[in-house]
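Please open the structure in your viewer and keep the selection tool at hand.

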Amino acid sequence: MRAYTPKDNVQAKSYYTDRYYVAPQVPKSEVETDEVFASDLEAIKAKFEVKEAFIQVEQMIVYINPHDIYGVLELMRDELEYTQLSELSAIDWLAKNNTFEIFYQMLSMKKRKRIRIKYFIENGQAVDSVEKLFRSADWSEREMYDMFGIEANGHPFMKRILMPYDWQGHPLLKTYPLQGDEFASWYEVDKIYGKEAREEIGPEIRDTARVDRYDSERFARLGFEVPKGTEITGEEERNVESYQEEEGVFLIKKLNKETSKVIDDPQR
Amino acid sequence: MAQIKNRLTPFFENITFDRDDNELILNFGPQHPSAHGQLRLMLHLQQEMIVKAHPDVGYLHRGMEKMAENMIYNEFMPTTDRMDYIASSSNNYGFALAVEKLIGLEVPRRAKVIRMMLLEINRLMSHLFWLATTALDIGAMTVFLFAFREREYLMDIIEGYCGARLTHAAIRIGGVPLDIQDTFIAQLKDFLDKLPANIKDYEDLLDTNRIWLMRMEEVGTIPTEMALSWGCTGPMLRASGVAWDIRKEEPYELYDEVEFNVPWSDKCDNFARYRIYMEEMRESAKILYQTIDMYNECVEKGETELMAHAPKYVSAPKLDIMTQNYSLMQHFVLVTQGMRPPVGEVYVATESPKGELGFFINSQGGPYPYRLKLRAPSFWHTGILTDLLPGHYIPDVVSIIGTTNIVFGEVDR
């Protein structure tokens, strides 16, 4: 029977994990331990619902409701002096509970603090664009759409940014294989030569580590070597390899200088 | 195989005229020498003036974030070299620091000093490269030759250290793999002693050069608001009136022990950015002199450790691996299966030569990161061209792209 591989997450997985292994946690601390973060959180709590907040690795993480995001970022920019949106992207939890986790990395240069605003959305749900608040979100949201297929409501130009415009599929989803899917393997063939040339050309080899032993151009065909450029039929005779050990290795176990003789001719 | 006719249409119509208005659409790149890589700009022109700019990126997209999710942590290190390949150690360092913060590792002091040396050498290399290419774009061939000559010395030093000139992979999670070679400090001092005179040479050629000033002054003005809104960092932000340097404000490694200034300007234009790059080279030299002293102190005190002691995450020194069974076993597990950082999240920003280089890692306790987001400064420095270019003329495009200092390995990742 073939081993079961889950289809909802096709990324690399550890091939062995101890049964009793319990992963340690990165320590979290209470928001009250930091004055600046505590007052910022109070200001956010006064106007919006905060689901969870804690400090991890010197930064505060705040979970909010998805529809509050524009308001929260506006409050942070205008009143709390978080003037820069450093980063914005998503984490794919579709395999776990069919949600995406969106995070907004904020920076306050006056307070020298960083806050990460987070919320969960269902698969297929769109986020509210914050492009009007921070222009940097223009490209970030496009990248998020490109990589995860999460659309941003109110974005002026919701198009792919890194992948080609006519690409299908969203590469950073956990369901998307590292080597690309069926569409990816035919994309360039279809585009350059047309679908009718598919049989003649074959799919694009997207696994760079793949070795085709009948490819005399890119791989020395171990045991079936042919001169470069020769037509390969697949029925070449095997080139017999021989090793010097096959005839027995000559070893001197005990050297007796009197009975042994010195050979002058190095070629024997 | 027989020749198969392709269906790519000949693409010599670079300019379209089929519109009613006077607007002309010019396709700049992606194979333009002054696009500094694979940047395609669609420029809407009224006469010579740009009214709308649409940067198109993605021609160098290799899916590094996807690759990171399928690699163990140490395996990903050489991949980070290919982000900002002009200063690759700074990428190595950003990633190593993020994983160290996730684990909670403390790196030995000697390794920290060596890391700082590498980072500042990389900053100098990057700034010299920037100066050379930008000056060449504007037409100053001499500066290009001078700056590349100096960069060559630095590359030689780095080559002596790690064997590579461009993609260093010179930093490991938990420290550095090697001590600096015997000739390192002498070579570095030799270089640093000559550097002020060299920088003066560049400045003599450029500072009062009429052509340079015309192409730089009052061109590509980025107001503070716009720079903040677009997520600009590094020299781009400092030239727009915000004195923000992560080395100073959120010090990592031993940057709180060294003395250096943060050059900034409120002129906001291309020339301000040029001045900041020049001043930063001087500051880097200052830091490097201090790290040499710090290194000598480490040697005097007999601090020889280069990698953190954390058997769960970092392999033991070579001597232990070759002599002790348990170290060998742990090394084997770390190489084949990889380290397993704790469950949690971290975002770590470092000051790379281009700006804020951030690594966001979400670990679920496995040997592969669950999600890794690379925050590359050049991505937003390219995005800002949308708002920056309108109102400028075609020749300004070249000088503006030059001073934004974008590297496409980093933009497309």
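**A guided tour, beginning with chain B**

Select chain B and colour it by burial: of its 413 residues, 49% count as buried, where buried means that 20 or more other C-beta atoms, placed from the backbone, lie within 10 Å of the residue's own. This is a predicted model, in which local features need pLDDT of at least 70 and side-chain atom pairs count only at pLDDT 80 or more, while totals for chains, interfaces and linings use all residues. Residues are numbered from 1 along each chain as its sequence is written, and chains are lettered from A and ligands numbered from 1 in the order in which they are written.

Now switch to a cartoon view of chain B, which shows 17 helices and seven strands; helices (H or I, at least four residues) and strands (E, at least two) are DSSP runs, numbered from the N terminus. The radius of gyration of chain B, taken over C-alpha atoms, is 23 Å, close to the 22 Å that the globule rule gives for 413 residues, so chain B is as compact as a globular protein of that length. That rule is 2.2 Å times the number of residues to the power 0.38.

**Two helices of chain B**

Next select residues 109-138 of chain B, which form helix H4, together with residues 394-404, which form helix H16; their axes come within 9 Å and cross at roughly 175°. These axes are lines fitted to C-alpha atoms over the stretch in contact, with angles running from 0 to 180 degrees between N-to-C directions. H4(B) is therefore roughly antiparallel to H16(B), a label for angles over 145 degrees. Show side chains for Thr133(B), Thr134(B), Asp137(B) and Ile138(B) in H4(B), which meet Val398(B), Ser399(B), Gly402(B) and Thr403(B) in H16(B); two residues are in contact if their C-beta atoms lie within 7 Å.

**Where the chains touch**

Bring chain A back into view: the contact takes 46 residues from chain B and 40 residues from chain A. Among the elements that give two or more residues to the side of chain B that touches chain A are helix H3 (88-103), strand E5 (344-352) and strand E6 (355-363) of chain B.

**Chain A**

Buried residues make up 25% of the 268 residues in chain A.

**Confidence**

Conventions
Buried ≥ 20, exposed ≤ 12 C-beta atoms within 10 Å, placed from the backbone. Parallel < 35°, antiparallel > 145°, perpendicular 65-115°, else oblique.
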